[in-house]
Structures are given as structure tokens and as C-alpha cells.
Amino acid sequence: MKGVITEVRLTNWKSHANSKLSFLPGTNVLVGVMGAGKSAVLDAISFALFGTFPALSSKKASLDACITNKPEQRGKASVEVDFTAKGKSYTVVREVALGKGTTRSELREGGRLIEGPQTKRVSEEITKILGMDYDLFSRAVYSEQNQLDYFLQIPSGQRKRKIDELLRIDRFGEARKNASALARQFSSEANALRQQLGSLELPDIAKEEKALAAIEDEKARNQKLLLSVRTKLSELEERRATMEDTRKQAGAAREELASISSRLDVHSKAASELKKELEAAGDITAELQHTQQQLKGLAAAAEPKAGREAAKAEQEVAVLNEQLRQAEEKAAEREALAKRKAALEKGEWHKKLETARAERDSLLEKQERCELAIANAEKRIKALAGAGDRCPVCESPITLEKRGELEMAAAKDISDSKALLLSTQKRLSAISIGPIEEKARELDRISAQIEALGAAGDIAKLKQDLSNALARLSSLKEAAKKEQAAIGALQKEREVLSARAKELEMLLEKRGELDAAIREITSLKEKEARLKEKLSKLHFDEGELSGLQAGIRQLSSKAGELESLVSSAERLATEKRRLISEMREREEEAAAMRERIGLLSKAADKMSIFKKSLEDTQVQLREQFVSAVNLGLDEIWGKLYPYADYPRIRLGIEQGDYALQVLTLIGGWANIEGFASGGERSTAALALRIAFSIVLAPQLSWLVLDEPTHNLDSNGVMRLTEAMQGPLPEVVSQIFLITHDDAMEAAATGNLYRLEREKEKDGPTKIVLVSSGKD
């Protein structure tokens, strides 16, 4: 089943605010005046499938220009296209934003997202599905307005190259050029290598290897002698090291012995002096204990009891002073408040406030009655004015005289009530309750303050307690002075005892020093004995050491000579090995060059064969393409061309280039250019376009034609209409026809749409479905 486009949805795309078009297999026709938005639909299909359309790819239009800007600029636009291919249904969506380009690209299969949001990857996936890229679509399927004869517009001499590019067989030409260049390169490189190989000189490796073996033998003999000398030298070095170690040990023992003797003298003298001093001091521990007991007794006797009692008494006096001060302040404040309260009570402010409030409430009630009386009288006057000849109260007949009396009575009531109201308001304004209320509130506030202060306390008792406390404080201060004098004497005695205790403690420390000195003397004597024993066992001969050192120097000199010979032999051997390695590399290089020459020669031959194969393949592909196109033209021409003067049309080859030719009645083939009329040329170009579509996109079989009736006469238009009604849909599965020619409406076998637009108001495109192939 060949793929078809089933639906297109446009939002803010050029003149389309919100358009939706469905398409069927067969010929789908979009009719409308210029600027109605017909070509915009085809551009949207191309943009949805491949991310571009002819005017955009040639930079004649920009994506911003595709976003609706009339009657006002929109911020973004979107196109959606539903299509089928290989038995599956797909939807592609692309959105563009002002100044940002394509902002969204999605491809869905049956509603499932299979690619997005990258624009390039969506286009690549659609190319795989359709088996057709934008280049092929724009050249074989989509015929822009005034571009139907694209093939004929290509200058003669360039058509083969353009068709090769369309078929992608231009790559064979490039490959052929590359193959030819490679063949020349391979041959040139092989010749250069032959010359280089002829100039190489191959050395005598066997001779150099024999010389290397002699050097290695000499080196081995010297290494053996060197090993023997080093062994003897190592033995002598070991004996010398042992003797030098013995000499060092003896010297260290003598030095340490001298140090110990010196330290013994120092410690013995110090111990003798400490012993004499301690013997003169007697029993130090007993005297120290007795002195410490005396100090404890003095500390207890020197405790200042009277001083602490005096300090407590001073605190008690301070507390009583503060209590007396607070009581006197409270008594004074209470007395002042009592005087103010008595003065206020004489004014009887609470009673005056009650009388004023009663008078005010009475006047307010009288004022309200006056206002009510006035309102009622005014209502009576108003009722009498609208009552006619009947009383508004009892509805009995009423005379003019009676009405006048009633109105006068009501007016008198109003006048009397207003006079009384004025008098009442004057009396009200004369009443001043605020000052009376302030005095009453002040009296209540003072009473509350007096109650809050409470009793002031017994000031006389507080004064007596303070007097007693002061007398006791004086007595305690006198006792504290006597106590302080006694404590001073005890303190002096304590200082003397403390000094003696420190002296005794120092003597005890010296006893510890004496014990430590005795222990150190004992340890040093033991070390001295051990060192003397060690010295008696150590044996060292200075003459033997001198003989060893002379032998070591002789052997070291011999070892140096042998090392020099071995090193020299090693350098010679290394140089020989390097030389032999380079000789072998030159031999390998020569072998590699011979192998490379053979490979390059074979490669050059293969490249020549490959070049010929490419050329043959390109020619065969061209022939197959021309044959397929001409078969299509044979099938299409008779259905499009309405006359019998050109029975056939073909894509021929003339002077190495393609030419579109018609068969004349005299039996000869003639080129369309310069021979046929404009209408004949357009019909031929249309036939070639359809043939290209059939050959290059057989799996889709689509054809998009924008204004194909250009240059066709009425007979040609009629014949094209008839072809699109029947024969062409049999060859091409789905045709999209854009036209302003109402006569082409009859070509529709799918859906026929009329596109309308109020251009003078910059209105949006309106889509009208005129007929459907489903009907």
C-alpha cells in the first residue's frame, strides 16, 4: 500500500489562523484567488516533512515571515501533518517562534513519540520512512509555482550533471576521478620506491657479528677476573671493618670509663656533704610533725568570731534603716492623698454627676418628643395635600374650610414644637458633664491609691529596733578591735613556725637527694666494673690493620682496571649491536619496499579496473533511468496532450547531454526548446515531472503541482483536467493541485477545497470543503 498525506493542520502559519484540511488518494484540488493561502498549504507540508520548503531553502523567505503578522504579529506558528507509509500511520509536528527559529519537532507513530525534539533527527527519520529526502521531493514531487519546467530551465550542457546529482549517481563520477587519481598516485609511488631500492647498499652482517662475538669473549674473561678480585676485596673489607669496629668499641669504653670516674668523684663529694648536714639536724620528721600541729592550733585560735558578728549587725542596721525610710515615705504619701480626698468629698461630685445625668436624659427625651411631633405634623400636611375631598384619616368628606383648619393646626403644632425644641437644645448645650465626671473619677482614683498603699507600719517600733541594733553594733565593733590585736600576735608566731616548717621540708628533700646520690654511686661502680672487664677482653693490633688497608688499596686498583676493560668492551659491543641492528633494518626496509612496490602495482591495476567499472555502472544507471522515464512518458503523454501532431515524447541524449524531445509527424525527433509553443512546452514539462515522480519516488507516488495551467490553452486545461480525473490517479496515487482556475475544480477526485480571504481587511484564510471523494 502506497503512502498518502491524510490531514494538514495549520496554526498562525502565514495567512492561516487555524486551518484544517483532509486529503484522500486521487487528485486533491485547492482553488482560490491569488494570496488566498493556497501555496502556504504546500509549503507547510514540505516544512513539516523536511524542515524546509523551496523559498526558505533558497533564502527568499524566512521562518519569521511564516508566522502570521496580520492584522497583528503572532509569537509562534505550528504545522501538523498526518501521513501513512509502509502500512503505518505517522504524525509530524513542527513549531516556530518569532526570532528563535524552529523550537519544537516531533514525529509520532500511532500516537507514540519515536523522534524529537531535535529538528535534524526528525527530518532524517522521515527521510528513512519515505525513502526520499528534501532534494528528491523538491525536484521530483513538488513543483513550485512557475517551476513546472524546471528541467527545461537548466542550460543545455548542464542537464546530465543536474540529473546525475538528483539520482545521486554524480558520486560515481567523483569516485571515478578519485580512482584515476589513486591509480596515478600508486604508480608514481611504486616508481619512486624502485629508484630508492636501487640506491640502497646492503652491508656484510656476518663479518660484524663475528667481531661482536670476539668482543663478548674478551669481556667475559675480564668479568671473571673482576669477580675473583671483588671477592677477595670483599673479604679484606669485612676484616678491616671488624678491626675498626673493635678499635671504636675500645675507644668508646675508655671514654665512658673516664666519664664514670669523674661522675663518681662528684657524687661522692655531694653525698658526704649532705650526710654531715643531715646528721647535724637531728630527727627532722618528728620536729616537722610537731611544727605542723602548732600551726593548726594557731589557725583555730586566730579565727575572727567578733568580726563576723559585727558584720552581721551592720547588715541588720542597714535593713532596719531601709524599712524605716519606706514606712515614713508611705505615711507621708497616704497623708497627702487623704487631704486631697477630703477636699474632693466636700464638693459632693458623685451627687452632682448623678443630678446632671438625670437632667440631660430628661432633656434628650423632650428633644426626641419634639422632633416626633414635628415629623407627624409634616406628615399630616402632606397627607392633606394629596387627599382630595376626603379626610386622609377617616376618609369622610372634607371641606376646603375644614382642610384649611387642619393644615393651620398642623402648622401651629410644628411651630410650637420647634420653639420647644430650640429651648430644649439650649438647655442641653448649657449642661457640662465632662468636668464633673473628671472630678468624680479623680476621687475614685485617690481612694483606690489609698487602699493600695495599705498600712504604713509601726514607725515608733522600727525606730526602737534600729536604736537597739546600733547599740549592739557599737559593742561588737569594740570586741572586734580587741580580737584583731590578739590575732596579730598569733599571726607573727605563725609566720615563725611556717618558716621553720619550710626549713624542715627542705632538709627532708635533701635526705631524698642523699639517697638518690648513694643509688647513683652504686650504679656507676657497677658500670665501671663491667667496662673494665670488657676492655680486658677486646684485642686490637694497629699493625695488622695497616697491612689490611694496603692490601685493600692494591686490590681496588686492580678491580678498577678490570672494570675499565669490561666497560670499554661493553661500549664496543653495544656499538656493534647497534650497527648490526641498523644493517638488519636496512635489509627489512629493502624487503618491505619490494613488497610495497608489488602491492602498489597491483593497486594501480585494480584502480584502473574499478574506474572502468564505475564508468560502466554510471552509464547503465543513466540508461536505466532514461528507459524508465521514457516508459512513464509513453504512458502519460497521450493522457495529457490533446493534439495528434506530437504522438510521442521522450528524454533523449544529444551531444552528451539530456534533451526533452517530441516525435513529429514526419517521423523525426525534435527538441522541445525553440520548437514547441509555450503551452506544448508546459505540457511536456508536466509529463516529464510526473514521469520523474513515478520513477524516483515509486513507494510514495505523490505529485504536488502549483498553478500547472500556466501557458496552457483552454483545450490543454480541459485535457489536463480529464487526465487528473481518471488516467493520472491510476499512475500517481495522490496529487495535490493548486490553482486559481475554476475550470480545474472538475479535476478533483479526492477533496476539493476553496480558499477564501478578505485581503482588504487582512483577514485570515477560510477553508471551504466544496466536495469530497468520499461522497
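Predicted model: local features only at pLDDT ≥ 70, side-chain atom pairs only at ≥ 80, totals over all residues.
Residues are numbered from 1 along each chain as its sequence is written, and side-chain values use heavy atoms, with hydrogens and water left out.

Q: Why is α3 called a helix, and what span does it reach?
A: A helix is a DSSP run of H or I with at least four residues, numbered from the N terminus, and α3, residues 119-130, has twelve residues, so it counts as one. From its first C-alpha to its last it reaches 17 Å, close to the 16 Å expected at 1.5 Å a residue, where the expected span is 1.5 Å times one less than the number of residues.

Q: Which residues of α3 are buried, and what puts them on the same side?
A: V122, S123, I126, I129 and L130 are buried in α3, that is, under 20% relative accessible area with a 1.4 Å probe and protein chains only, whereas exposed means over 50% and partly exposed lies in between. They cover an arc of only 120 degrees around the axis, which puts them on the same side of α3; the arc is that of the directions from the helix axis to the C-beta atoms.

Q: Which exposed residues does the face of α3 turned away from its buried side carry?
A: That face carries K120 and K128.

Q: Which residues follow the class definitions in the lining of the largest pocket, and how many are there of each class?
A: The lining has 13 nonpolar, eleven polar and ten charged residues, where Ala, Val, Leu, Ile, Met, Phe, Trp, Tyr, Cys and Pro count as nonpolar, Asp, Glu, Lys and Arg as charged, and the others, Gly among them, as polar.

Definitions and conventions: Helix = DSSP H or I, 4+ residues; strand = E, 2+ residues; numbered from the N terminus.
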